[in-house]
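Here are my notes on the packing in this model. Please read them with the coordinates open.

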Amino acid sequence: MKALLKHIQVARVRRPGFCLALALALGLAAPGCTNYSSEQQTLNTPVLLGVTVESPGHLIQISAQNVEIGFTGYRMFTGTTAAEAQAATSGVDCGALNLAPNQSVFLFIEVKPNQNVVTPGASNRLCAVPAQLTSGQFVVIRALLFNALTISTGLPSNAAQVP
């Protein structure tokens, strides 16, 4: 218990949200944790750089940096117009993350039917979305955040048109 309290004191200085998360997880008020906020955490919005064809599907090139506590992945939304894609309320989640988007580098999201893991041996592949895109559609990506009991989405990225 003493080691846990020491870790909490260190977390208070480094990560203010840790104390609140720990208190909620343990169902009690963690002693010594006074530096926390009840405000909603914001997520960095990924930037879509383009969509390319890769048989049997597509690759979405993005620049993303999501190191937030509670970040769980990405969700893809589609529409017939950019505005429709950005306002969409239902989308398809990425499979398990292959890489951690902790540096703002160019990464790819695979979008292929019936594939929820990245192609083995491919580099810079973040995750795979099991979906089929059609030419002319617009795609938008939103980051996902786990909030105590639910998963919420961040702001929509820019829209990119499928070639």
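1. A charge sits over a ring if NZ of Lys or CZ of Arg is within 6 Å of the ring centre and within 35 degrees of the ring normal. The model is predicted. Arg125 lies over the face of Phe108, at 6.0 Å from the ring centre.

2. Arg142 has its charged end over the ring of Phe77. The distance to the centre of that ring is 4.2 Å.

3. How many aromatic pairs are there? The count is one. Phe71 and Tyr74 form an edge-to-face pair, because their planes stand at 65 degrees and the cut-off is over 60. Their ring centres are 5.2 Å apart.

4. Are Phe71 and Tyr74 buried or exposed? Phe71 is buried, at 15% relative accessible area. Tyr74 is buried too, at 1%.

5. The largest nonpolar core has 24 residues. Those that touch the most other members are Ile60, Ile62, Tyr74, Met76, Ile109, Val111 and Val139. Strands S1 (47-54), S2 (57-64), S3 (71-79), S5 (105-111), S6 (125-129) and S7 (138-147) each supply at least two residues of this core. Which strand gives the most? S7 does, with four residues.

6. Val111 deserves a look of its own.

Notes
Residues numbered from 1 in each chain as written. Predicted model: local features only at pLDDT ≥ 70, side-chain atom pairs only at ≥ 80, totals over all residues. Heavy atoms only, no water. Phe/Tyr/Trp six-rings, centres within 6.5 Å; stacked < 30°, edge-to-face > 60°. Buried < 20%, exposed > 50% of the residue type's maximum accessible area, 1.4 Å probe, protein only. Core = buried A, V, L, I, M, F, W, Y, C linked by side-chain atoms within 4.5 Å.
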